[in-house]
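Subject: A structure for you to look at

Hi,

Here is the structure I promised to pass on to you. Please open it alongside this email, and then read on for what was found in it.

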Amino acid sequence: MAVLRAQKTKQRDLLDVPVVGRFLRWKHARTSLQAVLLVVSALILYDGFWGPQLAPKNLAGVLPWVHWRGFVVLALLIAGNIFCMACPFMLPRRLAKKLLPADRRWPKVIRNKWLAIGVLLVFFWAYEAFDLWASPWLTAWVALTYFVAAFAIDGIFKGAAFCKYVCPIGQFHFVHGMVSPLEVKVRQPDLCGSCPTKDCIKGRYAQRPEQDFLRSSRETTPIQETSSPKASGWTAKSHPHPGPLPQGRGGLSSLDQGNVGLGKAGVSTRENAGSESDIRHSGESRNPDDWDQPWKSQEQHPLRHSRESSPRHGARNPSSSEFQPQSGMPDIPRSSLQPAREVATPAGLQLVQTGCELWLFQERKVGNMDCTFCLDCIQACPYDNVGIQLRVPTSEFRKLDQLHSGVGALTQRTDLAALVIVLVFAAFVNAFGMVPPVYSLEQWLATQLGVTSEPVVLGVLFIIGLVALPFVLVTVTAWCSRALAGSRETLAATATRFSYALIPIGFGMWLAHYGFHFLIGALTAIPVAQSFLADFGVPILGDPRWELAAIVPESWLVPLELLLLELGMLVSLTVGYRIARKQHSSVARAMRALLPWAVIIVLMFFTGAWLMTQPMEMRGVILG
Amino acid sequence: MRSRHPEIMDFIRTAIIVLLALLSVLVLSACGPRAEQSGDLDVTILSVSPDPAAVGDAVITLQVRDADGKPVEGATIAVEGTMTHAGMQPVIVETEALGEGRYATKDFRFTMGGDWVIIVRATLADGSTAEQRVDLKGVQGEMQMDMKSDQDKEGN
Ligand code: SF4
Ligand code: SF4
Ligand SMILES: [Cu+2]
């Protein structure tokens with residue numbers, strides 16, 4: 001049997017870059033990045049709680065709001081979702097996976113982005129209402145809440161539920177990662193077809209040497225001899241090829257379960273596929289929905305190759321949920337999942353590497369949506385077939401209709417489109433919060449409403465700016481687009497489809513704004529660090545040089561911001577055109593469909609340009 | 001050992017990293033809070049010209065007293081104006097002594113409207129240093145100034 005291993009391909013791959021590649025392949029690459037950020041977070045927490053409560057002089061005022069925000073948008077522009085890769089919140093959460101049960105499935109009603117949208121709205125509002133940027137103390141509380149929430153949620157639920165369904169930072173990255181030049185992707189797609197084990201999603205198992213104390217008391221392993229798939233007579237449940245995806249339905253399932261979109265190839269991800277909790281709960285979570293997942297054809301049968309074909313490790317996990325046992329176990333009724341658990345925990349095997357905890361199956365993964373760049377799949381794939389590849393940024397917008405593993409078809413995901421729209425408008429509202437006209441508007445609104453409480457006025461303002469206005473604008477635009485092109489698609493479908501075209505202009509605005517803060521204040525970390533150390537009696541960095549701030553001349557800033565916004569507009573228009581062309585084969589019709597969206601995009605550009613040329617003003621309390 | 005119990009090793013490693021981070025916070029906090037302000041100085045802003053404070057050149061006059069309320073003479077006083085928002089370019093200037101513990105800034109400039117914080121760093125005659133902060137809220141931005149001058153015109 002030939003040993004399977006990905007060949008070198010023509011694609012540019014970060015993993016092939018000399019030093020970086022070696023580092024990223026290293027087993028502890030993510031942990032080491034996270035450890036660095038965990039220490040930084042510890043400093044932020046400390047200084048935020050106990051340091052001087054003046055944001056420019058406090059690590060919690062400077063590092064998150066100047067450096068981190070600037071760094072993440074720049075990283076998204078030139079690389080990809082680097083923050084999630086190094087996310088410090090995931091480190092304590094790893095302990096949670098071991099200390100807490102982590103065995104529940106994320107409730108079906110919120111297996112979408114709505115909850116995250118709510119969290120984002122609350123965050124944007126709180127940021128202005130309580131001037132988080134001006135309060136190191138509150139900033140530290142936000143960070144602490146983050147650690148606790150990730151710990152608690154992922155300690156209760158399977159997989160990376162927090163990242164996928166809750167984390168607002170994650171959503172920001174998932175959406176804007178669509179414009180990034182890097183993507184975690186298989187190198188040779190055909191190799192996946194003949195992969196017998198699908199470790200990238202299920203995790204890699206190894207022979208367990210002996211009982212170990214962490215799990216001995218918990219698990220049941222009644223079937224001893226299943227470590228060889230052949231011996232136990234397992235076979236895939238064959239289904240007819242489902243054919244092309246029905247427009248109206250494919251996305252539905254992806255909406256209500258985080259793990260569909262595997263569709264055609266159909267390796268069903270267990271809900272906690274490869275989650276770290278598998279150490280104790282391996283297979284228990286056989287997902288009833290997974291039984292629907294058909295195989296493309298018998299040729300794609302995962303058992304076509306014997307397990308010996310795996311070069312890196314011998315013993316395999318035979319219990320993957322996509323196999324229906326032919327003997328040894330009755331067909332499992334959908335209602336009863338219990339037997340699955342028993343079969344699924346093979347004796348003598350233990351998880352040594354988790355598979356994708358966000359339920360993205362490499363063979364069917366499309367684009368960066370929901371990918372945290374956690375590198376688990378790269379570590380898990382025994383054939384070295386997953387890479388971090390360079391691609392044409394925005395190329396994934398061509399695949400909106402395609403079924404994405406773990407995501408579904410983007411054109412069917414109303415929730416995702418809503419997330420996109422909120423983020424795009426937030427880019428402008430967030431910048432609006434820093435220029436004088438907002439104060440006049442607030443005053444006016446307060447008088448109209450007869451209230452003096454700033455949080456209330458801001459609450460109204462945010463509901464208007466991030467919910468009502470976008471809703472009306474997008475609805476009207478979609479209606480015009482449909483009417484002009486004579487499209488028979490539903491209004492919601494048109495709105496959803498074209499929403500994605502707004503991502504680049506929104507991203508341009510985020511880049512301009514956060515890039516501005518970063519460029520103008522990057523060096524302020526130096527005096528703050530100097531004074532931090534000096535306050536502890538170790539002035540090894542010398543006296544604080546408070547005059548340090550900008551890294552580029554101030555006169556560059558507005559031109560640079562406009563350039564970024566312009567780029568965003570052009571890319572948005574291009575993406576919009578592509579989306580329209582995909583739907584309408586005639587150029588003229590596509591142009592008509594695009595027109596209203598182009599108007600919105602250009603309007604956004606002018607709004608952004610106007611915001612940038614406003615004098616900046618920073619006020620905490622506006623009313624009264 | 002390591003390869004035989006990867007999950008245990010992994011657990012221990014994660015636990016150690018997390019505990020270290022927690023520990024560093026505890027150790028730091030045991031050292032006590034970072035100094036908010038230092039030295040026993042009493043600084044008040046006597047006046048800001050123009051009044052009300054607005055974007056552009058300005059002179060801030062300060063009254064500096066010691067702990068006993070006596071005017072501080074012969075100190076070298078630097079003034080930093082900064083925003084409540086991190087990452088903005090601070091304005092750092094020197095002062096000239098006006099006598100009786102009063103000092104006026106030289107070449108100070110409000111670079112934007114909003115809430116400013118005035119940080120006074122004094123090196124006293126005996127070489128000791130002290131730092132105090134005073135809030136200076138609501139520096140008028142260009143827009144308010146425009147509106148004001150419009151009103152002035154209408155009034156005339
Ligand atoms: S999505 Fe997950 S990895 Fe990304 S920032 Fe949020 S918690 Fe961290
Ligand atoms: S395991 Fe999943 S989330 Fe992590 S890098 Fe791979 S595809 Fe992305
Ligand atoms: Cu800002």
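A quick definition to begin with: domain bounds here come from an automatic or database domain assignment. This is a predicted model, in which local features need pLDDT of at least 70 and side-chain atom pairs count only at pLDDT 80 or more, while totals for chains, interfaces and linings use all residues. Residues are numbered from 1 along each chain as its sequence is written, with chains lettered from A and ligands numbered from 1 in the order in which they are written.

Let's start with chain B. Its domain assignment gives domain 1 (1–34) and domain 2 (41–140), and the centres of these two domains of chain B, taken over C-alpha atoms, are separated by 44 Å. Chain B has two helices and eight strands; helices (H or I, at least four residues) and strands (E, at least two) are DSSP runs, numbered from the N terminus. From the N terminus on, the order in chain B is α-β-β-β-β-β-β-β-β-α. Of the 156 residues in chain B, 30% are buried (20 or more other C-beta atoms within 10 Å of the residue's own, with C-beta atoms placed from the backbone).

How do the chains meet? In chain A, 48 residues are in contact with 40 residues of chain B (C-beta atoms, placed from the backbone, within 7 Å). H2(A) gives the largest share of the chain A side, eight residues. By class, that side has 33 nonpolar, seven polar and eight charged residues. Here Ala, Val, Leu, Ile, Met, Phe, Trp, Tyr, Cys and Pro count as nonpolar, Asp, Glu, Lys and Arg as charged, and the others, Gly among them, as polar.

Next, ligand 2. The residues around ligand 2 include Cys356(A), Cys371(A), Cys374(A) and Cys377(A). Its shell has nine nonpolar, one polar and two charged residues.

One caution about chain A: its mean pLDDT (the predictor's confidence in each residue, from 0 to 100) is 78, and 75% of its residues reach 70 or more. Over residues 210–345 of chain A, pLDDT stays under 50. Where pLDDT is low, the predicted coordinates should not be read in detail.

Enjoy exploring!

Key:
A residue is near a molecule or strand if its C-beta atom, placed from the backbone, lies within 6 Å of it. Two residues are in contact if their C-beta atoms, placed from the backbone, lie within 7 Å. A residue is buried if 20 or more other C-beta atoms lie within 10 Å of its own, exposed if 12 or fewer, and partly exposed in between; C-beta atoms are placed from the backbone.
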